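Here is a quick tour of one chain, from its overall build down to its packing. Have the model open as you read.

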Amino acid sequence: LPTIFYLFSRRNPLKYYYNMLPALATAFGTSSSAATMPVTLKCVEEKNDIDPRISRFVIPVGATINMDGGALYEALACLFVAQVKGVSLNFGQVVVTVLTATLASIGAAGIPSAGLFTMVMVLNAVGLPIDMISVLITVDWFLDRFRTCTNVMGDALGCAIVQEMCTKELEEMDHENELLAAEGAAEVLLDKRGDLETDSL
C-alpha cells in the first residue's frame, strides 16, 4: 500500500503515516474501525490535506468493507490451523482459502473480534475443524488491534489515492461552484438594484 500510495500521489508515505498516529492509536485502543472513524476523518482532512468530499465518502465505505487486515489474518490463521492439524492444503484449497477469507472480511462488522465469527466460514470452506478457533481466541484479542490499525491505514491511504485519481473532476466541480456562486451574487445585485429603482419611482 505505501508503494501504491507513493506511485499515485508522489508524497512521502512516512509523513502520511506520522500524521495518522492519533487514528492508529485510537484503532489500537478500541479494536474498532467504526469507533475510530471520527479520528480518521480528522487526521486525513486536517493533517493530510484530503478533500472532505473524498474522505467523507471513502472512510465510511472503507470502515464497512475494506477489511484488509482481517482478510490477511483469516487466511493466515486457516493455514496455521492446517499446519497444526498436519493437513496439507493443495493449490485449489489455498485459492479457496484466500477467496473465502477476502469475502468473509468484507462481510465482517467493524467491531472488536468480528473476525472470529467469519473464521468459521473460512475453516469450513477447506474442511478444517472448527474447534481450533478455541486456540485462536487466546491471541485474537491482541492481534485484532493490529488488524484494526491495518484496516484504518488502508482506508486513509485509499483516500489519498482516490483524491489523486479524481483531481480533475474536483477542480471542475470547484469551477462550476464558483460560476454558480458568481451568478447567484449577480442576480442578488440585480434584484436589489430593481428594488431601489422601484422605491425611487
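## Ground rules

Two residues count as in contact when heavy atoms of theirs lie within 4.5 Å. Keep in mind that this is a predicted model.

## Overall build

Along the principal axes, its C-alpha atoms fill a box of roughly 95 × 35 × 35 Å.

Look at contacts with a separation of 6 or more, and 74% of them join residues 24 or more positions apart.

## The cores

The largest nonpolar core holds 21 residues, and those touching the most other members are Tyr16, Met20, Val44, Ile50, Met153, Ala156 and Cys159. Helices H3 (21-30), H4 (33-47), H5 (52-65) and H9 (133-165) each put in at least two residues, with H9 giving the most, at seven.

Zoom in on Ile50. Setting aside neighbours within four places in sequence, Ile50 is in contact with Arg11, Tyr16, Val44, Glu45, Ser55, Cys159, Ala160 and Gln163. Apart from this core there is another, of 18 residues, including Tyr73, Ala77, Ala82 and Leu116.

## Surface and charge

Buried residues come to 38% of the 201 in the chain. The accessible surface is about 11600 Å², and carbon and sulfur atoms own 67% of that.

As for charge, there are 13 positive and 23 negative side chains, and the centres of the two sets sit 10 Å apart.

Definitions and conventions:
Residues numbered from 1 in each chain as written. Predicted model: local features only at pLDDT ≥ 70, side-chain atom pairs only at ≥ 80, totals over all residues. Heavy atoms only, no water. Buried < 20%, exposed > 50% of the residue type's maximum accessible area, 1.4 Å probe, protein only. Areas by Shrake-Rupley, 256 points an atom, 1.4 Å probe, with all protein chains shown as cover. Lys, Arg positive; Asp, Glu negative; His and termini not counted. Charge placed at Lys NZ, Arg CZ, Asp CG, Glu CD. Core = buried A, V, L, I, M, F, W, Y, C linked by side-chain atoms within 4.5 Å. Helix = DSSP H or I, 4+ residues; strand = E, 2+ residues; numbered from the N terminus.
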